[in-house]
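Here's a quick walk through a two-chain model, written for someone who would rather look at the picture than at a table. Keep the viewer open as you read.

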Amino acid sequence: MSPEDFDRLQSLMATRAGYRLTRDRMKLAEHRLGPVARREGFETVDAMLAALWGKPVAGLGWSIIEALLNPETWFRRDRAAFETFSRELLPALIRARAGQPIRIWSAGCSTGQEVWSIGMAALELGAPVEIVATDLSRRALEKARTGAYTGFEIQRGLKAQTMLRWFDQAEDAWIARAELRALAHFARANLLTAPAADAPRFDVIFCRHVMDDMESAARGQVLDQLERRLVDDGCLFLGAEERIGDDSLAFRPVAGRKGLFVKSPAALKRAA
Amino acid sequence: MRRCAGRAPRGLSSRKKSVTPRTCLIVDDSRIIRKVARRIVEGLKFDVDEAADGSEALAFCAGVMPDVILLDWSMPVMDGLTFLRRLRALPGGDRPKVLFCTIETRAERIAEALSAGADDYVMKPFDGEILSSKFAEVGAV
């Protein structure tokens with residue numbers, strides 16, 4: 001891959017996904033794009049990129065963008081967040097919503113482990129939840145929808161007892177049970193794109209480790225979108241170590257609960 | 001430094017290294033698996049001892065109970081399930097967190113291990129991230 005190709009990839013990632021592809025990831029990018037080139041029928045990564053630059057960004061462009069995103073996820077990642085969710089938030093929401101469905105958004109759900117972690121917590125408490133799960137990557141969503149995981153994936157973060165309770169074994173795969181899958185609706189979405197004005201709002205949004213690699217301006221943009229999609233007394237989970245800093249004034253952190261945010265007074269005033 | 005398996009005094013001597021190191025006994029007939037697991041578990045700040053089968057492990061536990069036991073299923077002399085049932089019958093034998101760690105991946109066998117008193121179950125192959133997440137889930141770290 002030539003430095004010029006890498007520059008153009010950087011700008012593609014920044015404009016389409018708000019993603020900061022740093023120069024130290026050049027080798028990684030090349031490694032990730034190899035399988036994409038083979039799938040798309042190109043001899044080499046260079047040949048694929050040459051074809052890409054000649055055309056508007058469509059299927060091929062998005063396949064390349066998807067391959068460069070970070071898909072890493074596991075069950076109950078940042079365990080403390082799920083403890084807070086199941087022990088404090090969900091019980092409070094069950095009382096507050098009094099039988100009405102609790103709406104949850106897994107924004108940047110990747111291959112779905114977060115979705116099922118949320119779903120298992122809800123079913124164990126008998127909480128009526130609807131989970132909307134979105135991601136930019138079509139390939140990640142495809143896998144998330146199947147709810148099927150290898151032995152390696154299924155046990156990362158999941159106790160064996162929980163695995164047996166909520167997943168069925170089918171040859172080498174472990175597949176989320178129908179009652180779990182019925183809770184989730186998957187769709188492709190770009191967090192940089194503004195949703196429809198009447199898009200329904202959520203009680204809880206999980207958007208964890210999605211903005212880690214984003215440009216500051218893109219982070220601000222995403223946080224503002226999340227704020228608009230969250231009810232005023234709703235909660236936002238970011239990754240345990242993620243900070244909002246100066247990127248947005250929409251949220252404030254909740255003291256003593258790593259990764260948990262609520263709307264800031266400024267955001268609430270603006271809404272009123 | 002290679003430690004022999006199944007002798008309690010060695011477990012005790014290793015405890016002197018720091019203030020309150022937690023201890024883990026790795027029970028597996030494969031020396032390679034023991035070595036790989038040891039490296040990961042030591043990374044989680046545990047003092048590690050090894051045993052090559054259930055009977056060695058039982059002798060070790062009769063002397064000193066480790067905090068965590070990583071247990072293979074199929075081993076010569078005494079298998080993991082027999083060891084687990086005997087361990088749980090020993091005085092103080094309910095205390096160690098026992099994680100099966102085996103190539104046996106059928107759901108019914110996993111359920112059998114859990115009902116025999118295992119705290120969790122690791123299917124081989126595994127890596128450091130899986131093992132450390134399992135240790136976290138059983139409250140060992």
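## Ground rules

Helices and strands here are DSSP runs, with H or I of at least four residues making a helix and E of at least two making a strand, and they are numbered from the N terminus. This is a predicted model, where local features need pLDDT of at least 70 and side-chain atom pairs count only at pLDDT 80 or more, while totals for chains, interfaces and linings use all residues. Residues are numbered from 1 along each chain as its sequence is written, and chains are lettered from A and ligands numbered from 1 in the order in which they are written.

## Chain A overall

Chain A holds 12 helices and 10 strands. Its radius of gyration (taken over C-alpha atoms) is 19 Å, and the globule rule (2.2 Å times the number of residues to the power 0.38) gives 19 Å for 272 residues, so chain A is as compact as a globular protein of that length.

How many of the 272 residues in chain A count as buried? The share is 42%, where buried takes 20 or more other C-beta atoms within 10 Å of the residue's own, exposed takes 12 or fewer, and partly exposed falls in between, with C-beta atoms placed from the backbone. Two residues are in contact if their C-beta atoms, placed from the backbone, lie within 7 Å. Of the contacts in chain A between residues at least 6 apart in sequence, 72% join residues at least 24 apart.

Chain A splits into domain 1 (3-68) and domain 2 (79-271), with the bounds coming from an automatic or database domain assignment. The centres of the two domains of chain A, taken over C-alpha atoms, sit 28 Å apart. Six residues of domain 1 of chain A and 11 residues of domain 2 of chain A take part in the contact. On the domain 1 side, that makes three nonpolar, one polar and two charged residues. For the record, Ala, Val, Leu, Ile, Met, Phe, Trp, Tyr, Cys and Pro count as nonpolar, Asp, Glu, Lys and Arg as charged, and the others, Gly among them, as polar.

A:Ala170 stands opposite A:Ala173 in S5(A). S4(A) and S5(A) make a hairpin with two residues between them, and A:Glu171 in the turn has a positive phi of about 50°.

## Chain B overall

Chain B has six helices and five strands, and its elements run α-β-α-β-α-β-α-β-α-β-α from the N terminus on. Of its 141 residues, 45% are buried. Among contacts in chain B between residues at least 6 apart in sequence, 62% join residues at least 24 apart.

Most residues other than glycine have a negative phi, and most peptide bonds are trans. Chain B has some exceptions to look up. B:Lys45 has a positive phi near 70° and lies in the loop between helix H2 (31-43) and strand S2 (46-51) of chain B. Is B:Lys45 buried or exposed? B:Lys45 is exposed, with 10 other C-beta atoms within 10 Å.

B:Val77 also has a positive phi near 70°, in the loop between strand S3 (68-71) and helix H4 (80-89) of chain B. B:Val77 is exposed too, with 12 other C-beta atoms within 10 Å. Then there is the cis peptide bond between B:Lys124 and B:Pro125, with omega about 5°; B:Pro125 is in the loop between S5 and H6 of chain B.

## Where the chains meet

The contact between the chains takes 15 residues from chain B and 12 residues from chain A. On the chain B side, helix H5 (107-115), strand S5 (120-123) and helix H6 (128-137) each give two or more residues. H6(B) supplies the largest share, five residues. By class, the chain B side has 10 nonpolar, two polar and three charged residues.

The model scores ipTM 0.81 and pTM 0.89. Among the elements of chain B, S3(B) has the highest mean pLDDT (97), and helix H1 (residues 8-14) the lowest (43). Over residues 1-18 of chain B the pLDDT is below 50, and this stretch has 27 contacts in the model beyond near neighbours in sequence. Where pLDDT is low, the predicted coordinates should not be read in detail.

Key:
pLDDT is the predictor's confidence in each residue, from 0 to 100. Two strands pair if DSSP finds at least two bridges between them.
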